[in-house]
Amino acid sequence: VQLQASGGGSVQPGGSLRLSCADSGRTFSSTVAWFRQIPGKEREFVGASRWNGGGAFNEYYANSVKGRFTISRDSAKITVYLQMSSLKPGDTAVYYCAATSRRPVVSVLSNVDMYDYWGQGTLVTVSS
């Protein structure tokens, strides 16, 4: 698994961006998450797409982005997107995607140790 996060850039407050997380090995990962980090702070959970074992995916979000960010997968269920809307300056960070073949319980999806693979990060800057 080799994850590549892309789509970052600069945007004004209220704007939108879509990030992509692609696996060059085209490997299906049961759980793919997005985290973000600003210098001097710990990596923060943004949201996750988790296969429920029954043929469908469920999405989970941090309270800080709920209603503004949406996670989805492409038709092959391999590339994962993070659609970000109504962006705020506080959303400025380096965004990372992470993946695992496991299905962690929902309560630990925000734990960085649950993920086996990480992308290189893409910078999102929200500023006027």
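Which residue takes a positive phi in the hairpin of β4 and β5? Gly 40 does, with a phi near 85°. This hairpin has 6 residues between the strands. The model behind these values is predicted: local features need pLDDT of at least 70, side-chain atom pairs count only at pLDDT 80 or more, and totals for chains, interfaces and linings use all residues. Residues are numbered from 1 along each chain as its sequence is written, and side-chain values use heavy atoms, with hydrogens and water left out.

Start with the overall fold. The protein has 11 strands and 0 helices. Helices (H or I, at least four residues) and strands (E, at least two) are DSSP runs, numbered from the N terminus. Along the sequence the pattern reads β-β-β-β-β-β-β-β-β-β-β. The radius of gyration is 14 Å, close to the 14 Å that the globule rule gives for 128 residues, so the protein is as compact as a globular protein of that length. That radius is taken over C-alpha atoms, and the globule rule is 2.2 Å times the number of residues to the power 0.38. The C-alpha trace spans about 45 × 30 × 25 Å along its principal axes.

Next come burial and surface. Of the 128 residues, 42% are buried. Buried means under 20% relative accessible area, exposed means over 50%, and partly exposed lies in between (1.4 Å probe, protein chains only). The accessible surface comes to about 6,300 Å². Carbon and sulfur atoms hold 47% of that surface. Accessible areas come from the Shrake-Rupley method with a 1.4 Å probe; for residues, only the protein chains shown count as cover.

Contacts give another view of the fold. Contact means heavy atoms within 4.5 Å. Among contacts between residues at least 6 apart in sequence, 57% join residues at least 24 apart.

Now go to strand β5, residues 44-51. In β5, 6 of the 8 residues are buried, so this strand is largely enclosed by the rest of the structure. Two strands pair if DSSP finds at least two bridges between them. On one side, β5 runs antiparallel to β4 (residues 31-37), joined by 6 bridges. Strand β6 (residues 57-61) is also antiparallel to β5, with 5 bridges joining them. Gly 47 takes part in both pairings. Gly 47 is the bridge partner of Trp 34, and Gly 47 also stands opposite Tyr 61 in β6. The hairpin of β5 and β6 has 5 residues between the strands. There, Gly 53 takes a positive phi near 85°.

Strand β3 (17-23) is the next stop. Here 5 of the 7 residues are buried, so β3 is largely enclosed by the rest of the structure. Strand β1 (residues 3-6) runs antiparallel to β3, with 4 bridges between them. Gln 4 stands opposite Ala 22 in this pairing. Strand β8 is antiparallel to β3 as well, joined by 5 bridges. In that pairing, Arg 18 faces Gln 83.

Which residues does Ser 30 contact, leaving aside its neighbours within four places in sequence? Ser 30 lies in the loop between β3 and β4. At 6% relative accessibility, Ser 30 is buried. Its contacts are Ser 49, Arg 50, Trp 51, Phe 57, Arg 73, Thr 100, Ser 101, Arg 102 and Arg 103.

The loop between β7 (69-73) and β8 (80-84) holds Thr 79. Thr 79 is buried, with a relative accessible area of 10%. Not counting residues up to four places away in sequence, Thr 79 touches Cys 21, Ala 22, Arg 26, Ser 72, Arg 73 and Asp 74. Thr 79 and Leu 19 are 60 residues apart in sequence, yet their C-alpha atoms are 10 Å apart in space.

Lys 77 belongs to the loop between β7 and β8 too. Lys 77 is not a glycine, but its phi is positive, about 65°. Lys 77 is partly exposed, at 35% relative accessibility. Ser 86 is another non-glycine with a positive phi, here about 50°. Ser 86 sits in the loop between β8 and β9 (93-100). With a relative accessible area of 41%, Ser 86 is partly exposed.

Finally, the charges. The protein has 13 positive and 8 negative charges, and their mean positions are 5 Å apart. Lys and Arg count as positive and Asp and Glu as negative; His and the chain ends are not counted. Each charge is placed at NZ of Lys, CZ of Arg, CG of Asp or CD of Glu.
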